[in-house]
Amino acid sequence: MIVLNGGSSSGKSGIARCLQAVLPGPWLTLGTDTLVDAMPASLQTSDGGIEFAPDGEVVVGPQFRTLEAAWIEGVAAMARAGARVVVDEVFLGGTASQQRWQNALRGLEVLWVGVRCDSAVAAGREVARGDRTLGMAASQADLVHRGVVYDLEVDTTRTEAMECARAIAARVG
């Protein structure tokens, strides 16, 4: 299992797609966007779910956390059943977010990868994408890495996704 953690528009999804191309055998890619997309629309606009503030701040409530816990356990079960998985995550809670994953993945071989990107570059990508709340990239660029421990870090500020993927693939046993 590979867990990629980085802020919005840092390049995690591109790296994950490249990893699928360079790693031997099939790898599934699942991410926090997968979870949010699977939620009913009502949880994407309520205090209990997940809210995207106009300034880019992301606020999650208790219903989101309940579904997230079940989702994390489900991803871990897939890995235990033999699926190779790349997780594309945004650790809004830093250490606490990583701990939730560590608890679920206990006993599994996991490569923890920090995906960094200069906040101004990520913000430019965010504008170009047009599908994100402006300000998310800048607010998350450093926040998601606070207190998180990695086996490897990559920086997409000036490094292409494929080069990052090759560096990660070289560390996969």
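The largest cavity is lined by Gly7, Ser8, Ser10, Val115, Arg116, Cys117, Ala122, Ala137, Ala141 and His145. This is a predicted model: local features need pLDDT of at least 70, side-chain atom pairs count only at pLDDT 80 or more, and totals for chains, interfaces and linings use all residues. Residues are numbered from 1 along each chain as its sequence is written, and side-chain values use heavy atoms, with hydrogens and water left out.

**Cavity**

- The count comes to 1 cavity of 30 Å³ or more. A cavity is a set of points, on a 1 Å grid over the protein atoms alone, where a 1.4 Å probe fits but cannot get out; lining residues have an atom within 4 Å of a point.
- The largest cavity holds about 30 Å³ of space. Volume here is the space filled by probe spheres set on the grid points, which are joined across faces, edges and corners.
- Its lining divides into 5 nonpolar, 4 polar and 1 charged residues. Ala, Val, Leu, Ile, Met, Phe, Trp, Tyr, Cys and Pro count as nonpolar, Asp, Glu, Lys and Arg as charged, and the others, Gly among them, as polar.

**Pockets**

- A pocket is an open set of grid points with protein on both sides within 12 Å along at least five of seven lines.
- The largest pocket contains about 720 Å³ of space. It has 42 lining residues, and Ser8, Lys12, Asp33, Val90 and Arg132 lie nearest its centre.
- The lining of the largest pocket has 15 charged, 14 polar and 13 nonpolar residues.
- The second largest pocket contains about 210 Å³. Its lining numbers 13 residues, with Met1, Trp27, Glu109, Val110 and Val172 nearest the centre.
- In the second largest pocket, 9 lining residues are nonpolar, 1 is polar and 3 are charged.

**Helix α7**

- Cys164, Ala165 and Ile168 are the buried residues of α7 (residues 161-169). Seen down the axis of α7, these residues fall within an arc of 100°, so they line one face of the helix. The arc is that of the directions from the helix axis to the C-beta atoms.
- Buried means under 20% relative accessible area, exposed over 50%, and partly exposed in between (1.4 Å probe, protein chains only).
- Glu163 and Arg166 are exposed, on the face turned away from the buried side of α7.
- The cover over the buried residues of α7 includes β1 (2-5), α1 (12-22), β6 (111-116) and β7 (152-155). Contact means heavy atoms within 4.5 Å.
- Helices (H or I, at least four residues) and strands (E, at least two) are DSSP runs, numbered from the N terminus.

**Salt bridges**

- The whole structure has 4 salt bridges. Each is a side-chain nitrogen of Lys or Arg within 4 Å of a carboxyl oxygen of Asp or Glu.
- Arg65, Glu68 and Arg100 are linked in a network.
- Glutamate 68 pairs with arginine 65, the closest N and O atoms being 2.7 Å apart. The two are 3 residues apart in helix α3 (residues 62-80), so about one helical turn separates them.
- Glutamate 68 is buried at 7% relative accessible area, whereas arginine 65 is partly exposed at 29%.
- Arginine 100 also meets glutamate 68 in a salt bridge (3.5 Å, N to O). Arginine 100 lies in helix α4 (residues 95-104) and glutamate 68 in α3, so the pair ties together parts 32 residues apart in sequence.
- Arginine 116 and glutamate 153 form a salt bridge (2.5 Å, N to O). This pair links distant parts of the chain, strand β6 and strand β7, 37 residues apart.
- Arginine 116 is partly exposed at 29%, and glutamate 153 is partly exposed at 42%.
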